[in-house]
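Subject: Structure handover

Hello,

Here is the structure I promised to pass on. Please open it alongside this email.

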Amino acid sequence: MIKQLMLLSAICAASGVCASAYSDAYSAAGKEEKAKKYEVAATSYIAAADVADKPDEKANAYFRAAECMRIKKDYPASMDFFKKMLAVKGASPYYKGLAQMRIGQTLYWQRKYAEAIPELEKAVAIEKIHPHHKADAMMHIGYSNYNLKKYDDAYKVMDKVVADEKARPDQRSAAQLYKGHALKNQKKYDEAIVEYKKVATIDKAHPSHVLDSRRQIGYTLNEMKKYDEAIKVLNEIVADPKADSNNKAYAFIAIGNILRGQKKNDEAIVEYKKVLDLPKVHPHRKSEALWLIGYTLRSQKKYDESNKALAECVAVKDGHYYYISVAQSYIGHNLRSLKKFPEAIAAFEVIKTLKHPHPHHISDADRMIGHIYLYDLKDYDKAKAAFEKVVANKAVPAWQKKDAQSQLKKISSIKK
């Protein structure tokens, strides 16, 4: 009996040491994660997993390690930790479901939509998976189908989420929103509007989803060429005290786009400029508005005014990478229109130095430099070199490559 008590005491002591080691390692990792030292934190979470005594503690430590690497966008490392989490023997359905869901989502975040779907379906099939994880997995199946342009499949999955009473209200309202998107992308506009209107009827729907649904109704009415109705809906969002600056920005931009589509350029610019006056507007919307102002002014052949707006767009801190690089591109186009050819070439070259230039804008910069050398400056050697860069660029879209090849043939015929 004494030996049995001593053995039991030793086991309890060992468990206490393991529990303490796990707690210390996990706590240290949490502090490192909070300090955004994600790689260090991941290492500490793995150390915690190694000494964890309980399966769910081990699984949770792997989960946090994986999340740290996900935030770093190191998806292979993140995926590896999620798989280790899934493999923990004795882990509860909560952690099993969470791990499998994240494996599918990790593929989704890498735009591997076809690969993501079967992994997410595995999560949905896990018995006693947490209902919120199940709904999230189903939603990402829907998102994946949507991005694969399988709109009917996306609609069906999202409809199941909406009907799931165990899903969170924000999950159900997001799914309802995507039912509208799926129909709108099939040009089933009247049906899409019906679905968008249902978002507001969901109990405790997320406010941003309700506002987004109203904005989408405006977009849909515009597609139906019901311009006055569209503008009315969008102006109601602008006037709504519940709408934040970013929702108002989206509405102003949409109104501007509708007016510009009707060639009411001056009125469109007025709407775009309203975005710039909004408090705490997101830099992505600010850069978008400035790009559209510059683009619209260019269509009016107001090249200097256009370049002023485009330069402001490029200078927006944390602006959207697409609008920044396309704005810089159009600065080059404007300078060429002003026959300032060396300055235009320099402007196109700047695109390559931007922090996150769109790859198609890089190849198009070389293409436009080639056009300037070929048609404006008659420097055929430099034109040839520029077009050869376009052809050699692996990220070049087909139409740019085709044009560059055509210009190279023209240069070859000129030099004969």
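First, the ground rules. This is a predicted model, in which local features need pLDDT of at least 70 and side-chain atom pairs count only at pLDDT 80 or more, while totals for chains, interfaces and linings use all residues. Residues are numbered from 1 along each chain as its sequence is written, and side-chain values use heavy atoms, with hydrogens and water left out.

**Helices α9 and α11**

Helices here are DSSP runs (H or I, at least four residues), numbered from the N terminus. The axes of α9 (residues 169–184) and α11 come within 10 Å and cross at roughly 10 degrees. Axes are lines fitted to C-alpha atoms over the stretch in contact, with angles from 0 to 180 degrees between N-to-C directions. α9 is therefore roughly parallel to α11 (angles under 35 degrees). On the α9 side, the contact (heavy atoms within 4.5 Å) includes D170, S173 and A174. On the α11 side, H209 and D212 are among the residues involved. By class, two residues are nonpolar, six polar and three charged. Nonpolar covers Ala, Val, Leu, Ile, Met, Phe, Trp, Tyr, Cys and Pro; charged covers Asp, Glu, Lys and Arg; polar covers the others, Gly among them.

H209 sits in α11 (residues 207–223). H209 has a relative accessible area of 16%, so it counts as buried (under 20%, 1.4 Å probe, protein chains only). A polar atom of its side chain lies 3.5 Å from the backbone oxygen of D170. H209 also touches L177 and V199, among others, leaving aside residues up to four places away in sequence.

**Helix α3**

N60 belongs to α3 (residues 55–71). N60 is buried too, because its relative accessibility is 16%. Its contacts are Y22, Y26 and Y95, not counting residues up to four places away in sequence.

**Helix α6**

α6 (residues 113–125) has 13 residues. From first C-alpha to last, α6 reaches 19 Å, close to the 18 Å expected at 1.5 Å a residue (1.5 Å times one less than the number of residues). Its buried residues are Y113, A116, I117, E119, L120 and A123. They pack against α5 (93–109) and α7 (131–147).

**Two loop residues**

Most residues other than glycine have a negative phi. K73 has a positive one, near 60 degrees. K73 lies in the loop between α3 and α4 (75–86). At 62% relative accessible area, K73 is exposed (over 50%). K339 has a positive phi near 65 degrees. Its loop runs between α17 (321–337) and α18 (341–350). K339 is exposed at 63%.

Best wishes

Notes. Polar contact = N/O pair within 3.5 Å; in protein donor to acceptor, adjacent residues only side chain to side chain. Parallel < 35°, antiparallel > 145°, perpendicular 65-115°, else oblique.
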